[in-house]
Amino acid sequence: MGDGFLELASDPPGAEVSLVRLDDRDGIFVEGERRELGTTPLPAVALPMGSYLAVLKRPGFADVRYPVH
């Protein structure tokens, strides 16, 4: 399938970023491998093509859950 790249920024910067792979099991996405990617702004990170859920956390702010395909 190939690799893609993910780059993330947040306002304000300094959010911790986790990336969870979403695996398709008979039409239902289930959480797979989780990777801690660091803090924003996040430089380009190579990852296999697929579906993911990026979770951004920063003290004093609500968590942000952002789907990536």
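Q: Which residues make up the largest nonpolar core?
A: In soluble globular proteins, nonpolar side chains tend to be buried together. In this predicted model, the largest nonpolar core has 12 residues in all, namely Leu6, Leu8, Ala15, Val17, Leu19, Leu37, Leu42, Val45, Leu47, Tyr52, Ala54 and Leu56. Strand S1 (3-8), strand S2 (16-25), strand S4 (42-48) and strand S5 each supply at least two residues of this core.

Q: How many helices and strands does the secondary structure of the protein chain come to?
A: The protein chain has zero helices and six strands, and reading along the sequence gives the pattern β-β-β-β-β-β. The C-alpha trace spans about 40 × 25 × 15 Å along its principal axes. Of the contacts between residues at least 6 apart in sequence, 56% join residues that are at least 24 apart.

Q: Is leucine 8 buried or exposed?
A: A residue is called buried when its relative accessible area is under 20%. Leucine 8, which lies in strand S1, has a relative accessible area of 14% and is therefore buried. Once residues up to four places away in sequence are set aside, leucine 8 touches Val17, Thr40, Pro41, Leu42, Ala54 and Leu56. Leucine 8 and valine 45, both members of the largest nonpolar core, are 37 residues apart in sequence, while their C-alpha atoms are 9.3 Å apart in space.

Q: Which residues is leucine 19 in contact with, leaving aside its neighbours within four places in sequence?
A: With those neighbours left aside, leucine 19 is in contact with Leu6, Glu33, Arg34, Arg35, Leu37, Leu47, Tyr52, Leu53 and Ala54.

Q: Where is the largest pocket lined, and by how many residues?
A: The largest pocket holds about 180 Å³ of space and is lined by 14 residues, with Ser10, Pro12, Ala15, Leu56 and Val64 lying nearest its centre. Strand S5 (51-57) and strand S6 (64-68) are the elements that give two or more residues to the lining, and S5 provides the largest share, three residues. By type, the lining divides into 10 nonpolar residues, one polar and three charged.

Q: Which peptide bond from an aspartate to a proline is cis, and what is its omega?
A: The bond from aspartate 11 to proline 12 is cis, with omega near 5°; proline 12 lies in the loop between S1 and S2. Another cis peptide bond joins threonine 40 and proline 41, where omega is about 0°, and proline 41 is found in the loop between strand S3 (28-39) and S4. Both Thr40 and Pro41 are among the residues that leucine 8 touches.

Q: What is the phi of aspartate 26, and is the residue buried or exposed?
A: Aspartate 26 has a positive phi of about 55° although it is not a glycine. Aspartate 26 is found in the loop between S2 and S3, and its relative accessibility is 83%, so aspartate 26 counts as exposed.

How values were computed
Residues are numbered from 1 along each chain as its sequence is written. This is a predicted model: local features need pLDDT of at least 70, side-chain atom pairs count only at pLDDT 80 or more; totals for chains, interfaces and linings use all residues. Side-chain values use heavy atoms; hydrogens and water are left out. On a 1 Å grid over the protein atoms alone, a cavity is a set of points where a 1.4 Å probe fits but cannot get out, and a pocket is an open set with protein on both sides within 12 Å along at least five of seven lines; lining residues have an atom within 4 Å of a point. Grid points are joined across faces, edges and corners, and a volume is the space filled by probe spheres set on the points. Helices (H or I, at least four residues) and strands (E, at least two) are DSSP runs, numbered from the N terminus. Ala, Val, Leu, Ile, Met, Phe, Trp, Tyr, Cys and Pro count as nonpolar, Asp, Glu, Lys and Arg as charged, and the others, Gly among them, as polar. A nonpolar core is a set of buried Ala, Val, Leu, Ile, Met, Phe, Trp, Tyr and Cys residues joined through side-chain atoms within 4.5 Å. Buried means under 20% relative accessible area, exposed over 50%, partly exposed in between (1.4 Å probe, protein chains only). Contact means heavy atoms within 4.5 Å.
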